[in-house]
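User: I've got a structure open and a few quick questions. Can you walk me through it?
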Amino acid sequence: MNEEQFKQNYKKAVDQMKTNEQLKKRVEQSLNTQHQGPKHRRKPLYIAASVVIAASIGLAAPSVWQQFNGPAAPTPQVAAVTPGVSFDPIVIPKMELPSSQGKGAMADMMQLVVYGGNVYTQSPTLLEGANALNLRGDKLGTTTGGIDELSGQDKYTELASNIGEADIYAVNGYDKDFRIMSYTEIDGQVYAQLFDKNNGITIGIGADLIGKLYLEGNIASAQWETFNSWNNGLQQLQPLAADESLESFILSLNAAKPIATSPELEENLYGKEDRKIIYLTLEDKTQVPLVLFGEGLVRYGNVPAFLEVEKGAFQSFWNSLGE
């Protein structure tokens with residue numbers, strides 16, 4: 001986006017906001033109502049030892065698991081959203097296992113655990129080992145390992161995995177139908193990793209996916225990074241206020257329209273550098289990365305769906321991040 005395009009888009013966003021005062025009031029009323037409601041339960045987490053568990057955040061082209069099919073920023077504004085809008089749902093089928101002969105196996109494979117007859121894959125959400133103990137729920141079992149790129153369907157038995165032997169637990173505050181975690185202590189060092197089940201689900205609205213992360217009213221701090229910084233490993237993280245503007249954007253994200261991935265869409269999006277990444281640290285110390293595309297789309301990890309945020313809300317937030 002050049003300077004002239006930026007100015008035009010920003011002016012357009014501001015003009016739209018001026019004409020959406022009633023919607024703005026509805027957002028404010030919604031926020032006030034939520035602030036009066038019960039908070040999502042979270043506890044401060046403290047424990048020694050740490051290790052950072054990294055996972056893909058969907059910045060690169062999402063082909064990692066093919067075997068299964070600057071200048072001063074404008075002042076942040078409260079974005080407008082239209083509540084109650086419904087969209088055609090996107091159905092993400094239950095992850096299909098490879099054939100009994102292992103046909104179709106590819107070289108690249110995300111880390112995975114089979115639990116409850118479903119496949120949970122490496123979560124884009126980060127969790128430092130030092131913060132893992134207070135999130136550790138009931139023990140669900142111990143993985144057996146044994147899955148590799150050539151494994152057939154018969155190998156995908158309960159608690160099979162490609163992470164070796166590790167204890168698997170529920171995650172406090174999250175539905176185990178969505179998220180589980182591995183937790184291991186070796187010589188006082190904690191190794192923990194989150195796994196999400198993002199298959200076998202239907203996304204009718206952004207909240208059907210984003211809502212499982214409990215972002216709303218639960219963000220302790222935030223940062224953002226330019227694509228150039230991420231792409232060059234510069235880690236030039238910039239502060240992002242966890243204020244009303246961010247909460248408003250999360251509201252818009254929850255109300256967003258789901259769009260299924262396609263080779264053409266991904267080629268268009270990932271062929272450009274018009275991206276920004278935000279990192280949201282929640283009260284429970286998990287860190288949720290979201291990738292924003294200049295076209296107005298947002299993606300969580302490699303979930304095969306984008307979320308199209310209301311245009312004015314997206315542009316206002318995008319512009320507030322700066323260049």
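This is a predicted model: local features need pLDDT of at least 70, side-chain atom pairs count only at pLDDT 80 or more; totals for chains, interfaces and linings use all residues.

User: Okay. How many residues of helix α5 are buried?
Analyst: Ten of the eleven. The helix spans residues 244–254 and is mostly covered.

User: Which ones are they, the buried residues of α5?
Analyst: S245, L246, E247, S248, F249, I250, L251, S252, L253 and N254.

User: What happens at the start of α5?
Analyst: D243 reaches in there. One of its side-chain oxygens comes within 3.1 Å of the backbone nitrogen of S245.

User: Back to F249. What is F249 in contact with, leaving aside neighbours within four places in sequence?
Analyst: I278, L292, V298, V309, A313, F314 and F317. F249 also belongs to the largest nonpolar core, which has 46 residues.

User: Which members of that core touch the most other members?
Analyst: M181, L215, F249, I278, L280, L290 and L292. Another core of nine residues lies apart from this one, and its members include V113, Y120, I168 and A170.

User: M181 then. What is the bridge partner of M181 in β9?
Analyst: L194. Strands β8 (residues 179–186) and β9 (residues 189–196) run antiparallel, with eight bridges joining them.

User: What order do the strands of the open sheet take?
Analyst: β3-β4-β9-β8-β7-β6, six strands with antiparallel pairing.

User: Why is one side of β3 and of β6 left without a neighbour in the sheet?
Analyst: Both stand at the edges. β3 (112–115) and β6 each have a single partner strand, so one side of each has no neighbour in the sheet. On average, neighbouring strands are turned by 35° against each other, direction ignored.

User: New topic: Y156. Where is Y156 found?
Analyst: In the loop between β6 (136–142) and β7 (167–171).

User: Buried or exposed, and why does Y156 count that way?
Analyst: Buried, because its relative accessibility is 7%, and the cut-off is under 20%. Y156 is eleven residues from G145 in sequence, and their C-alpha atoms are 9.8 Å apart.

User: Last one. What pLDDT does the protein average?
Analyst: 78, with 70% of the residues scoring at least 70.

User: And where does pLDDT stay under 50?
Analyst: Residues 61–81 are one such stretch, and the model gives them 66 contacts beyond four places in sequence. Residues 102–107 also stay under 50, with twelve such contacts.

Methods. Residues are numbered from 1 along each chain as its sequence is written. Side-chain values use heavy atoms; hydrogens and water are left out. A nonpolar core is a set of buried Ala, Val, Leu, Ile, Met, Phe, Trp, Tyr and Cys residues joined through side-chain atoms within 4.5 Å. Buried means under 20% relative accessible area, exposed over 50%, partly exposed in between (1.4 Å probe, protein chains only). Contact means heavy atoms within 4.5 Å. Helices (H or I, at least four residues) and strands (E, at least two) are DSSP runs, numbered from the N terminus. A polar contact is a pair of N or O atoms within 3.5 Å; within protein, one must be able to donate a hydrogen and the other to accept it, and residues adjacent in sequence count only if both atoms are side-chain atoms. Two strands pair if DSSP finds at least two bridges between them. Axes are lines fitted to C-alpha atoms, for helices over the stretch in contact, and angles run from 0 to 180 degrees between N-to-C directions. pLDDT is the predictor's confidence in each residue, from 0 to 100.
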